[in-house]
Amino acid sequence: MTGMSGRAQLMWDEAVTGYNFGSGHPMDPVRLALTMRLVEAFELDRGPLEVVAAKPAGDSTLRLVHREDYIGAVRRASADPAVADLSYGLGTADDPAFAGMHEVSALIAGQSVGAAEAVWRGDVAHAVNFAGGLHHGMPGGAAGFCIYNDASLAVARLLELGAERVAYVDVDVHHGDGVQATFWEDPRVLTISLHEHPRTLFPQTGWPEETGGEGAEGTAANVALPAGTGDEGWLRAFHAVVPELLGAFRPQVIVSQHGADTHFEDPLAHLAVSLDAQRAVAEACHDLAHQYADGRWVALGGGGYAVVDVVPRSWTHLTAIAAGRPIDPATMVPESWRHEVFRRTRQLAPQRMTDGRTPQWRDFVDDGYDPADRLDQAVLATRRAVFPSHGLLP
C-alpha cells in the first residue's frame, strides 16, 4: 500500500466518554477513559500511532444503515429523554435515553467510519476505535446498549467507497446480530461471530444454521460456544473457522470487533477466557489482515463490563498490536495509571499486563475432532453449515 503517513491511527475524541446511560448501568464510560489513559501511560500515542478525532457521522452516513424514522426518534429522545419512544428500543433498561445521546452516538460512529476511510484510502494500514463495536444496533432500533451501529456503518462506508469484499470478525461474547442483520442479503460482506451459545445469553441469536439470506448464502458464520468455554476452546474455535473462511472469501479489508466480555471476570456472561487469550486473538486478526487483506485492518472495541481489571488492558494490547509496538504481557502496569484508577474508581488496579496464562490450543483439523466434546460439536456445526458454500470441506 502506498502513501501511508503512519502505520496506524487511533480514533479518539474525549467526548466519546459522554456515551453514558447513567449511574449503575454496566456500560460505564470510565472504561473508555481508563483505556485511553493506559494507552498514554505506555506512550503508544507517540511515534507510529497517530491519534485522530473524526467528525461525527452525519445523517447521510447514518442512513447507510439506519432508517430515517429511527434517526429522528433518537434525535427527539436526545433533545428530551422524557419522550423516548419505546417502540424504537429507546428508554428501556438496556438503552435508557439521555440528553445528547444522538450527538455522542454519532460521534462514536464517526470514529469508526473515519477509521474505515483512512484504511481504505491507504493513509494507514490499521485503525482502531475502541469506543466503537456497538454491534447490536439495528437499522430501525436500539438494542443491547447500542444506539447507532458503528461497526455496520464502517462496513457500509467501505462498500460505498468501492470495496467488493469486506470481512467482519466479531469475538465479543454476544452475537454480532446487528451487523449480521444489516448485511444478511449482501454477498459482499462476510460476517463471522464467535459468541456464547444463544441458549444461555442475549440476544438469543447466532445459531450455526444462520448462514445468510437469499443470494448471500454462506456469508454469515456463527460459532455458538458452550458456557464455560476457556482459552483453549475459544482459540481452537477461532482458528478452526476464521482463517479458512477468510482465505476462501479473500476480503479487501477486515473489520474486527474485540468485545472484552469473554473474560472470566466479566459480570454479564459465562465464558472463561483470559486477557492473554484475548491478546492472542488480536494478534491473530492483525496477522490475518496481512495474510488476506493487504494489511487493511479496522479494529473496534465492544462489550466488556469488568471496567477496571479487564477492558483497559485488553484494548491497550489491541492498540499496541495495531501500532506495531506489542506490549509484553509480563510488563508491569505503569504506576501513574494505577494511581489514576484509584482516583477515579477507588478500586485497586491490576499490576501486570497479563492474567498469568500462556494460552495453548489444539488445531481442529490436525489434532482431530472429538464427537463427545461440546466445543468440537459447536465448531463442526458451523463448518458443516458454512464451509461448503465456500468450496471448503467441513
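I started at Leu190. Setting aside neighbours within four places in sequence, I find Leu190 in contact (heavy atoms within 4.5 Å) with Val166, Ala167, Tyr168, Gly218, Thr219, Leu245, Leu246, Phe249 and His390. I note that this is a predicted model, where local features need pLDDT of at least 70, side-chain atom pairs count only at pLDDT 80 or more, and totals for chains, interfaces and linings use all residues. Residues are numbered from 1 along each chain as its sequence is written, and side-chain values use heavy atoms, with hydrogens and water left out.

I placed Leu190 in strand β5, residues 189-196. Strands (E, at least two residues) and helices (H or I, at least four) are DSSP runs, numbered from the N terminus. Is Leu190 buried or exposed? Leu190 counts as buried because its relative accessibility is 0%. The cut-offs are under 20% relative accessible area for buried, over 50% for exposed, and partly exposed in between, with a 1.4 Å probe and protein chains only. I also checked Leu190 against Ala73: they are 117 residues apart in sequence and 30 Å apart in space, C-alpha to C-alpha.

In soluble globular proteins, nonpolar side chains tend to be buried together.

Then the backbone. Most residues other than glycine have a negative phi, and most peptide bonds are trans. Which peptide bond did I find to be cis? The bond from Phe202 to Pro203 is cis, with omega near 0 degrees. Pro203 lies in the loop between β5 and β6 (220-225). Gln204 is in the loop between β5 and β6 too. Phi of Gln204 is positive, near 65 degrees. Gln204 counts as partly exposed because its relative accessibility is 46%.

Asp294 sits in the loop between α8 (275-292) and β8 (297-300). At 55% relative accessibility, Asp294 counts as exposed.
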